[in-house]
Amino acid sequence: MELREITAMFLEQFGGDETDLRVFVSPGRVNLIGEHTDYNGGFVFPAALDMKTTIVCRKRADRKIVLRATDLDVVVEADIDRLNDYRNLDWGNYQLGVAYVLQQAGYDICGLDMLYDDTVPHGGGLSSSAAIEVATALCFATLSNEKNGITAPVDMIAMAKFGQQAENEYVGVNCGIMDQFASAMGKENCAIFLDCKDLSYRYAPLDLNGKRIVIANTNKKRSLGDSKYNERRSECEVGFALLQKELPDKNCLGEISRAEFEAHKHLITDPVVCKRVEHVINEDDRVLRSIEALEAGDMAEFGALMNQSHDSLRDLYEVTGIELDTLVDEARKIEGTLGSRMTGAGFGGCTVSIVEDTAVERFIDEVGKNYQAKTGLTASFYVSNIGDGGRELK
Ligand code: GLA
């Protein structure tokens, strides 16, 4: 929705006038390469999208948080003094989880009327939840700081961490930091090269030279995605603990090189766990090579690495599935596609492809048609613009 429509809806639902309204936004993300590496202390290379969560809000005089959404017929009324109690809500638990972790960290959570609008597709693997979490964290932290006379700008990396903490501890999904970091720290026309070991990062300008980033949504609803995600994460932990027997100085898989893995992989006797670890080690290496390729303007190499990433997520990490694989296979058949892979957690969600500008229309047409013929599902396509991270709109 356009901001003025969201504002009009806010006034219709909560009454009053525009005088005291505040607006906070934070975007979804696409990850170009580096999948299932973040929670292993590895590298990722995401970029923020122009699809986002917008919150229009206004302070209340009492200690209630009232949540509504532009696309849902739901009203959640929460008590600021009982924020721990809303974990099982169908909608509203991400928002209240963030308010809860901020409160635990000492922020002064105020009563608010809040209307949420999301243009990031839900459950599509483009981090609609991180967008909600970071926008919510920024909103409550900004208002808390104002109330307490703190004038320093809100620390966006801290907001990313609060978002992840809420998702891990309140919602119960053991996600890494990538999505919230990209949502909080995104920069127009840049991808973020992030080292998840210590959160050091740098921006890499996406000078695509006549190519576009095309996102294709399988529109397959993710089922069991969260439990499979947590399962992969534990498999990596098991594999790392075994390698650590001979590599006691290492703190995470992200610190283990390919050569070290080759020399010690005999310690992992379970072939499934070994495949998972092999993916993580190789994927980390691919991120480094893909950034070199991008910076050297070698988009063909960048695309080839994206392809290898997908194949590894399909064969070694086993998080793709027929829908993602079909979209990728069809994408690669189009002349002008440099590379195509799944993005995000997998098990449904989206693919990301680098496509020559002149081939984009044909790409959308043919991939869409062939995907439908093979799966019976209709894909959605977004030619993405890379936007800024979370901020208040004044
Ligand atoms: C999800 C998680 C991220 C990351 C990706 C896989 O998006 O939220 O932390 O682990 O999956 O790379």
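Is C57 buried or exposed in this structure? With a relative accessibility of 1%, C57 counts as buried, where buried means under 20% relative accessible area, exposed means over 50% and partly exposed lies in between, using a 1.4 Å probe and protein chains only. The model is predicted, so that local features need pLDDT of at least 70 and side-chain atom pairs count only at pLDDT 80 or more, while totals for chains, interfaces and linings use all residues. Residues are numbered from 1 along each chain as its sequence is written, and side-chain values use heavy atoms, with hydrogens and water left out.

**Cysteines**

- A disulfide is a covalent bond between the sulfur atoms of two cysteines.
- Here a disulfide is taken as a pair of cysteine sulfur atoms within 2.5 Å, and by this rule the count comes to 0 disulfides.
- The closest cysteine sulfur to that of C57 belongs to C139 and lies 3.8 Å away, which is too far for a bond.
- C175 is also buried, at a relative accessible area of 8%, and its sulfur is 11 Å from the closest cysteine sulfur, in C196, again too far for a bond.

- Strands are DSSP runs (E, at least two residues) numbered from the N terminus, and strand β6, residues 112-118, is mostly covered, since 7 of its 7 residues are buried.
- Both faces of β6 are covered, with L112, M114, Y116 and D118 buried on one side and D113, L115 and D117 buried on the other.
- Two strands pair if DSSP finds at least two bridges between them; strand β3 (residues 46-59) runs antiparallel to β6 and is joined to β6 by 7 bridges, with D118 in β6 as the bridge partner of T53.
- Strand β4 (residues 64-69) pairs with β6 in the parallel sense over 5 bridges, and L115 in β6 is the bridge partner of R68.

**The ligand and its surroundings**

- Polar contacts are pairs of N or O atoms within 3.5 Å; an oxygen atom of the ligand is 2.6 Å from an N or O atom in the side chain of E35, and a ligand oxygen atom is 2.6 Å from an N or O atom in the side chain of Y229.
- An oxygen atom of the ligand also lies 2.9 Å from a polar backbone atom of G176.
- Taken alone the ligand exposes 310 Å², of which the protein buries 94%.

How values were computed. Helices (H or I, at least four residues) and strands (E, at least two) are DSSP runs, numbered from the N terminus. A polar contact is a pair of N or O atoms within 3.5 Å; within protein, one must be able to donate a hydrogen and the other to accept it, and residues adjacent in sequence count only if both atoms are side-chain atoms. Accessible areas come from the Shrake-Rupley method with a 1.4 Å probe; for residues, only the protein chains shown count as cover.
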